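Please look through the sequence and the model shown here before reading on. The report that follows takes up a few places in turn.

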Amino acid sequence: MKKLFPLLLLAVLFITGCDLSGLSITTTNQQPVINSFSASPSNISAGETSTLNWTVTGAATVSIDQGIGTVALTGPRAVTPAATTIYMLTASNTAGSVTATTQVIVSGATSPPESTPSPSEGLPVVDYFMANPPSITAGGSTTLGWNVSNATSVVIDNGVGSVGSAGTTIVSPAASTNYTLAAANATGSYYMTIAVLVTGAAPAGMPDLIIQDIVRSGDSITYTIKNQGDAAAGASTSTLLVDSATVANDGVGSLAPGASSTETFAGYTYSCTLPSDTITVKADTGGAVVESSEVNNSYSESWACLLQIQPIVPVFALKPDLVVEDIWIDGHTIRYRIKNDGTWASAAGYSRLYINGDVKGNDSVPAIAKGDSLAGSFIYDFDCALPIIKEVKVTADRGGTSTESDETNNSRTENLVCP
């Protein structure tokens, strides 16, 4: 009787005239694409909130670690980490899983208990994480090997699970798979992703990561990474080398075909080593992304150290230079502003007032430092009965007490109109 039930149900559907044209079963052999995964702001103070934003297409499930769990294909999620934290987003479907990471840097976080590593000890260090061999045929196996230090927990995704700080395990992926190792301690988490290539049918297009530019901004180094291939590139790791020595790593999210991103090696302070440095940025360290070309991941520039030498000014060239900048009427008083435009302080002296060529008064002027100015006035009862007073002149350093770099610019003459 149970075997007849599906046939009876199908018969009922046809008899009642139900339209089955809209019923379809969709399968896919393409892995999901993580279009974006970022934190805004990426730098916060302890107790503040950052917002994770992501967009994923073609996934059956999407999840974020650090206790967040399953999420929608797109959306924001507010987080308030107590310490600097790296979040990993995993998108999965029947074809496999892809991951992307983003970091929230927390400044001013309180120190953890003495029983756990202090933030001053830094993030965990992944000495190596590799697959041997990195490429297998369908149905074959490869051995994952790793060595991690300064970590309280180590986890490998895609079914491997929690592992020790060092070890090996055999995996047999059915298709090309990215394996991500997550090492954590009280300071935060560090991720490294490698790829295991399973040969078989050629993929319909492949990514190709290149470094387009390296720029110094203050003591930080930024770079532009581009996917010039015709398929999406999953999350990867970029490495910064200075004179062939590795100094920093940076996690890069997924990149769509033709997309580029400007990244910064956060936490690294650059200082040029005389006479010059060779700066190299290598994309996809560890080979997490299977590319159409694996020989164009590195880009280098040579930077000469810039020396700023201030010119030496001989002592005999250090002289004051007094100028009168302005003259104005204030009631029955004539005021003026005097400035020292020279490279040395002026000596105390006096300024002289002339009206229509006649001497009308003097004003004592103290020493003036280089670049400084001050206002002065003359003890002279100015009668403003006339509508216009011609040739009101003020001369600085009338007694010549200061030896100036320019002795021809001490005077200023204006025609003042009575207010």
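## A proline between two strands

In which loop is proline 320 found? Proline 320 is found in the loop between β23 (298-304) and β24 (322-330), where strands (E, at least two residues) and helices (H or I, at least four) are DSSP runs numbered from the N terminus. This is a predicted model, in which local features need pLDDT of at least 70 and side-chain atom pairs count only at pLDDT 80 or more, while totals for chains, interfaces and linings use all residues. Residues are numbered from 1 along each chain as its sequence is written, and side-chain values use heavy atoms, with hydrogens and water left out.

Proline 320 counts as buried, at 6% relative accessibility; buried means under 20% relative accessible area, exposed over 50%, and partly exposed in between, with a 1.4 Å probe and protein chains only. Leaving aside neighbours within four places in sequence, proline 320 is in contact (heavy atoms within 4.5 Å) with residues including Asn340, Trp344, Ser402 and Ser405. Between proline 320 and serine 405 there are 85 residues of separation in sequence, yet their C-alpha atoms are 6.2 Å apart in space.

## The chain as a whole

The secondary structure of the chain comes to one helix and 30 strands, and buried residues make up 39% of its 419 residues. Among contacts between residues at least 6 apart in sequence, 59% join residues at least 24 apart. The accessible surface, found by the Shrake-Rupley method with a 1.4 Å probe, comes to about 22400 Å², and 54% of this belongs to carbon and sulfur atoms.

## Nonpolar cores

In soluble globular proteins, nonpolar side chains tend to be buried together. A nonpolar core is here a set of buried Ala, Val, Leu, Ile, Met, Phe, Trp, Tyr and Cys residues joined through side-chain atoms within 4.5 Å. The largest one has 21 residues, and those with the most contacts inside it are Phe37, Leu52, Trp54, Ile64 and Leu89. At least two residues of this core come from each of β1 (33-40), β3 (50-57), β4 (61-64), β7 (85-93) and β8 (96-107), and β8 gives the most, with four residues. Apart from this core lies another, of 20 residues, among them Ile211, Ile221, Ile225 and Val281.

Leucine 89 touches, beyond residues up to four places away in sequence, a set that includes Ile34, Phe37, Trp54, Val62 and Val98.

On a 1 Å grid over the protein atoms alone, a cavity is a set of points where a 1.4 Å probe fits but cannot get out, and a pocket is an open set with protein on both sides within 12 Å along at least five of seven lines; lining residues have an atom within 4 Å of a point. Grid points are joined across faces, edges and corners, and a volume is the space filled by probe spheres set on the points. The largest pocket has a volume of about 1100 Å³, and of the 43 residues that line it, the closest to its centre are Gln103, Asn249, Asp250, Gly251 and Ala266. Strand β20 (245-252) gives the most to this lining, with six residues.

The structure holds one cavity of 30 Å³ or more, and the volume of the largest cavity is about 60 Å³. Its lining has 14 residues, of which Leu322, Ala347, Gly349, Tyr350 and Val365 lie nearest the centre, and strand β26 (residues 349-355) supplies the largest share, three residues.

## Backbone exceptions

Most residues other than glycine have a negative phi, and most peptide bonds are trans. The peptide bond from asparagine 132 to proline 133 is cis, with omega near 0 degrees, and proline 133 is found in the loop between β9 (125-132) and β10 (135-137). The bond from leucine 274 to proline 275 is also cis, with omega near 0 degrees, and proline 275 has its place in the loop between β21 (260-264) and β22 (276-282).

Aspartate 243, in the loop between β19 (236-242) and β20, has a positive phi near 50 degrees and counts as partly exposed at 41% relative accessibility. Serine 244, in the loop between β19 and β20, has a positive phi of about 75 degrees although it is not a glycine, and is exposed, with a relative accessible area of 70%.
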